[in-house]
Amino acid sequence: MATPTVEKFLLEVSRVLRERNGPQLQDILVIEPPLPPLYNLMVNELRNAFPSGQDDALEDKCTRALPEYVEMEDGSSWTAFIKFMRQYFCFLRDVNVENLVETFQLLRNLVKQSVNALGHGSMGVVLLPTVIAFSRALTKLTIALHKKPQLIAHLIRRQAADESGSRSTLVDTAADVLRDAFSGCLNDRSVTGAGVGSDGRPMGKKISIYVIANLCLKLYFECDKIRSAEQIFVNIQNGSPPLSLYPASQRVTYLYYLGRYYFVNNHFYRAQLALQSAYDGCHSKCVQQRSRILPFLITACMTLGRFPSQALLRRPEAAGLAEKFLPICRAISRGDLATFRSFFGPEGPHTDYFLRRRLLLPLRDRCEVLVWRSMARKTFLLAGSQGDPGARKAPTFDLHDLLRLTQVLERRSFGQTQKKPIGKTHTNSIFMFQNSQQNGIKPELYVDPDVKGVAEPAGPPEPTMLDIESMVSSLIYQGFLGGFISHRQLRFAIRGAKEKGSLNAGFPNVWEVIKSRSSDAVPGWKRDEVSSVRNGVSRPPGPGMVIHLSGARPAGTPPM
Amino acid sequence: MSGSAEGSANTTKAVTEEPTASGQASALPPKPTASLEEDDEFEDFPVDDWTKEETEVPDGETHLWEESWDDDDTSEDFSAQLKGRA
C-alpha cells in the first residue's frame, strides 16, 4: 500500500539531519494535537499500511529511508534513531488523547527511545531540542495524571494485586526516563575537559543539563518525590559546568528547587541563600514565579532571625502575605508566646495556608526559639539588674522571673486553644449523656475501676525551673544569649556588658549570630571556580583537582 | 517538505516556551495577582534569558529584610507580672 506522505516526511527528516538542524527537527516531529492536515494524512497511511503488529515492517521502511545511519562514515551506527522514528510513527498511529493513561505509556516509550538515540557521540546533539520538547510534554502529562488519581486508580489496584510485579509507579517510570535524559546531557563524552567552550558557553549536550534537571525536579516536587531530587543535585555538583553560564530562566528555576530541597531538609540557611538568589534573579515582571518563591524565602529567613520588611510585603508578588507573616513576626519580637502559639493551632487564622505550603512546622518549631529569646530579653528589661561595672558585677536577671512570665503565657496559651474550660468529666461524656439529659434523667457515670479516683489533668504540666534552665542553656549554646547561668543563685548573668552594653552583649542579633557561624557553600549550586595555573598554563578545574584556600585573602585586600 | 512549516505553526505554544532572545523580556505583560494562591506550581518562564537590569523592581526599594527587630516596649499586659521587681 502506497505511503507517499510518510516517504516525503522521512526524506524531510533525512535532509534536516544532514544539515544537523536540531530546532527544525523538533519542529517537524509534532506530537501534540491538533495535528496539521498533512500529519493526519500520514496517520491514515500508517494505519492502513502498517497497522498495529506491523511495527517491524515500519522499522524496515525507516531503515530504507535513512540508510546512512545504519553504518556511518565514522564507522559508528545510529540505529537508535531509526528505532526512534519507528516509535514516533507508532505514537502518531496509536495515540488517543481521550485515554490519558495510554497516551502516557506511548509518550514515555517515545521519550525513552529518543533518549537512547541522544546517546550517539556526534549525532545525538541534533536530537536534543526534540528530547527536551518531548520530555516537557511527558512531565506535564505525568503531573496531570498524578493530580487526578481517579484516572490511574485501576493501575494502582492492578499494582497492589500483583505482589510479584514491579512496585514502581507511573511517576517513577516517567522519572526514570527523564533522569536518563539528564545523565545523557551531564555525561556527554563528546566534549572535553569541563565542558565549557572557548566562548564561555557549555558545549555539546551539556548546554541542556539544567533544562532537563529542572524538568526532573518539577516532576519530583509536584509528585511528592522530593527525596529523589538529591541525586540530581549530587550529580550536578560532581559534573556540571557553573550555573552562571546558563540562561536566567534556568538558573532561577534550578535555584528555586534547590532552595526548596534544603527547606524541606531543615537546612534553612542554605535554603535562604538559594531562594534569595532565585528571587533576585527573577525577571521583575514574572510575578507568578516571584510569588512562588516568596513564602518559602520568608519562612526560611524568619527561622534565621530575618523578618520581611514592609517594602517587601508591599510588592505585588507578596499580596496577602503581610497578614499571614507580620503578626507572627510581632509576636516573636514581643516575646508573646501565647499569641505566637495561637497562630499555629487548628483555629489559627492561616493554619490551612501554612499547612498546605508546608510552612507550619518550620515556623512553629524554629521560630519558637526566637520567642524564648525575646521572653528572656523582656524579663531582663522589666525585672533585670543592671549590675555594677565598677564592682565587676554583671547585669543579671532572676530565672524565677522568666519562669513566672512563662507560666502566665503558657496558661494563656492553653486557654486560647480550649473552647471551654476543662472540667473533670470524662471526654466521652460529650457522646454518652446527651439523650438522658434531654429526658431530665440524671445519668449514672461509669468509671472504670482502674482509674477510679484519679484526677484528670487540667492541661499540660506547668513549666518548672528545670524547663527554664534547660531553655536558657539551649539559647546560650546557640549563641542567642550572651552569658551564663548561675545555678546556685538561679540567675542569668550577661557577659561582656562593659564593652557592648548589656542588651547587645546579652541578647546578640540573631541573624548576625547565625550568619557568622554558617558557610555560604551550597552543595548542588555549582558556582564559578577559580581556574588553576599549572606550568604557566591556565586550565579549567576538573575532577580530582585540589584547590588550596589556606592562603586566600578576603576580597579587596592587597597582596602581602 | 511542507510538513516542516505546518509543524512549526502548530507548535507555536511549545516554541514560546523555548529559548528566545532576551530582548523580548521587556514586552512581558504583568500577571494579575488575584489567582496567585490557586496553584502552587512554579510556572515555566515565558522567556529564556534576561539582563540584571530587567530583574530590578520599579519601586527601587532595596531594604527587604529587618534584622533588628527587638522590641523594647514594656507595656504589654503580660509584662505587668514582672514590673517593678527590679
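A:Val454 counts as exposed, at 56% relative accessibility; the term exposed means over 50% relative accessible area, buried under 20% and partly exposed in between, with a 1.4 Å probe and protein chains only. The structure is a predicted model, in which local features need pLDDT of at least 70, side-chain atom pairs count only at pLDDT 80 or more, and totals for chains, interfaces and linings use all residues; side-chain values use heavy atoms, with hydrogens and water left out. Residues are numbered from 1 along each chain as its sequence is written, while chains are lettered from A and ligands numbered from 1 in the order in which they are written.

A:Val454 lies in the loop between α22 (434-438) and α23 (465-477) of chain A. Helices (H or I, at least four residues) and strands (E, at least two) are DSSP runs, numbered from the N terminus. Together with A:Val447 and A:Val451, A:Val454 forms a nonpolar patch on the surface, with about 250 Å² of accessible area for the three. Patches are made of residues with over 30% relative accessible area and no salt bridge, like charges being joined within 9 Å and nonpolar side chains (Val, Leu, Ile, Met, Phe, Trp, Tyr) within 5 Å. Accessible areas come from the Shrake-Rupley method with a 1.4 Å probe, and for residues only the protein chains shown count as cover.

Chain A contains 26 helices and 6 strands. Of its 560 residues, 50% are buried, and its accessible surface comes to about 27,500 Å², with 52% belonging to carbon and sulfur atoms. Contact means heavy atoms within 4.5 Å. Among the contacts in chain A between residues at least 6 apart in sequence, 69% join residues at least 24 apart.

In soluble globular proteins, nonpolar side chains tend to be buried together. The largest nonpolar core has 175 residues, and those with the most contacts inside it are A:Phe81, A:Met85, A:Tyr88 and A:Phe89. Such a core is a set of buried Ala, Val, Leu, Ile, Met, Phe, Trp, Tyr and Cys residues joined through side-chain atoms within 4.5 Å. Neighbours within four places in sequence aside, A:Phe81 is in contact with A:Val13, A:Leu17, A:Leu25, A:Leu66, A:Ala117 and A:Leu127.

A:His400 lies in helix α20 (residues 399-416) of chain A and is partly exposed, with a relative accessible area of 35%. When residues up to four places away in sequence are not counted, A:His400 touches A:Met465 and A:Leu490. The C-alpha atoms of A:His400 and A:Thr464 are separated by 9.4 Å, although the two residues stand 64 residues apart along the chain.

Side chains of opposite charge can pair when their charged atoms come close. Over all chains, the structure holds 30 salt bridges, a salt bridge being a side-chain nitrogen of Lys or Arg within 4 Å of a carboxyl oxygen of Asp or Glu. One of them joins the side chains of A:Arg15 and A:Glu12 (2.8 Å, N to O). Both residues lie in helix α1 (residues 4-18) of chain A, 3 residues apart, about one turn of the helix. A:Arg15 is partly exposed, at 26% relative accessible area, whereas A:Glu12 is buried, at 5%.

A salt bridge also links the side chains of A:Lys83 and A:Glu59 (3.1 Å, N to O). This pair links distant parts of the chain, with A:Lys83 in helix α5 (residues 79-94) of chain A and A:Glu59 in helix α4 (residues 55-65) of chain A, 24 residues apart. A:Lys83 is partly exposed, at 38% relative accessibility, and A:Glu59 is buried, at 16% relative accessible area.

Between B:Asp70 and A:Arg377, the closest N and O atoms of a salt bridge are 3.5 Å apart. B:Asp70 lies in the segment after β1 of chain B and A:Arg377 in helix α19 (residues 360-383) of chain A, so the pair joins two chains. B:Asp70 is partly exposed, with a relative accessible area of 32%, while A:Arg377 is buried, with 7%. A network of salt bridges links A:Arg136, A:Lys147, A:Lys218, A:Glu222, B:Glu41 and B:Asp44.

Chain B has 2 helices and 1 strand, in the order α-α-β from the N terminus on. Of its 86 residues, 29% count as buried. Chain B averages a pLDDT of 64, and 48% of its residues score at least 70; pLDDT is the predictor's confidence in each residue, from 0 to 100.
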